Amino acid sequence: MSQSYTTQMDAARKGILTPQMEQVLANEPISKQELMEGLAEGRIAIPANKNHLNLKAAGVGKGLKTKINVNLGVSKDVCCFDSELNKAKLAIEYQADAVMDLSVSGETEKFRKRLVEQIPVMIGTVPIYDTLTRTGKPTEEITLEDWFETVEIHAANGIDFITIHAGLNQKCARSIKANPRLCGIVSRGGAILFEWMEKTGNENPFYEHFDRLLDICQAHDVCISLGDGLRPGAIKDSTDAPQIEELITLGELTKQAWEKNVQVMIEGPGHVPLHEIEMNMKLQKKLCHNAPFYVLGPLVTDIAPGYDHITSAIGGALAAMHGADFLCYVTPAEHLRLPTADDVKQGIIASRIAAHAGDLAKGLKDAEIIDHKMSKARGALDWEGQFDCALDPEKAREYRKSSQPGEKEVCTMCGDFCAVKRVGALLG
């Protein structure tokens, strides 16, 4: 029997409960009706390519737990696909919700296929990068067919969501030139398209032929993550005219995608000072019709290389509190090098802390249960209970083991002065 819907959005609009929706419902504090209404109206997306056969589907959007993404992939200087696959498996171990392959060198399609075969979480890519890698052409020699052939390949490979910087059109290009920035364009995809547009004089191919992109995505049920090619890479550039100009365009493209039942997420900044994060979240939701918001960080200061997983977690928690639905992790290696496996782990944990803190702040149903369980274990000096609740039980156990107290029920910071030990029985 042939499938009677094209995409998860189409299914929801027809009142069809898909297997992917059932998987989401099993892991979220939301009703069937709320999920299907959210999908039908675009407030929720379930990136689930028909060719990603081992996918354990997850939802992104209103009323759902804040999700986190792990970026990985090879470069010309560090090109070991086995190492990147191990990072993807590490991401699964530490409960990341998505993996994005940003590879820019080597046999990229072969690696994508391995990811899709072995990784059960949603997988994203940026076909714009891969067009240059696949063709080997100088940017200005890339053709319209080259751009779209790459998208077709990624969709056929089973990629669940693709970042496409379709909003960086000629109008936005004029805006970035008319409004000079401290840090220019920091998005790789945005920079490639801007260069192509400047050197060829043509309109952004994905903006001009957006319907063609939608047809590909509809055929495979690929979610479009509308990329922010003009995201700020410095806090001084945050919330400037080019960023907002592009965001307005992304809102227009979102409505166009929904008309064809294609799921959409909106990508957001970037480097944003604390006092502008709430405004950015509200602007996106307003201008993009409450589509799910996927943010990189945001990083709240520019001066912490080596610690940008922390600057990102600070911004990510505040962003999630004010409506961001999906956090792209940032590792300690951000701005410095390709991350190692340990960098990946640190980035995941920091991002998970931010996501959970955001869920607590916005009152997501049942989010506080694990915190209450941890507190109960602490109050009982139940160390194994505490480890079981920890985001990183291994690290917690290592710290405990490294400094053994004279009295086993307490720790070496307080010893006999442990407040819990002294008054626990008195308080009952």
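I take two strands as paired if DSSP finds at least two bridges between them; helices (H or I, at least four residues) and strands (E, at least two) are DSSP runs numbered from the N terminus.

The model is predicted: local features need pLDDT of at least 70, side-chain atom pairs count only at pLDDT 80 or more, and totals for chains, interfaces and linings use all residues. Residues are numbered from 1 along each chain as its sequence is written, and side-chain values use heavy atoms, without hydrogens and water.

**Barrel.** I looked up the sheet and found a closed barrel of eight strands, β3-β4-β5-β6-β7-β8-β9-β10, with parallel pairing. Three bridges join β3 (residues 67-72) to β10 (residues 326-328), and Asn 69 stands opposite Cys 328.

**His 271.** I located His 271 in the loop between β8 (264-268) and α13 (274-287). Leaving aside neighbours within four places in sequence, its contacts (heavy atoms within 4.5 Å) include Pro 232, Asp 302 and His 335.

**His 335.** I placed His 335 in the loop between β10 and α15 (341-361). His 335 counts as exposed (over 50%), at 53% relative accessibility. Not counting residues up to four places away in sequence, His 335 touches His 271, Leu 299 and Asp 308.

Terms used:
Buried < 20%, exposed > 50% of the residue type's maximum accessible area, 1.4 Å probe, protein only.
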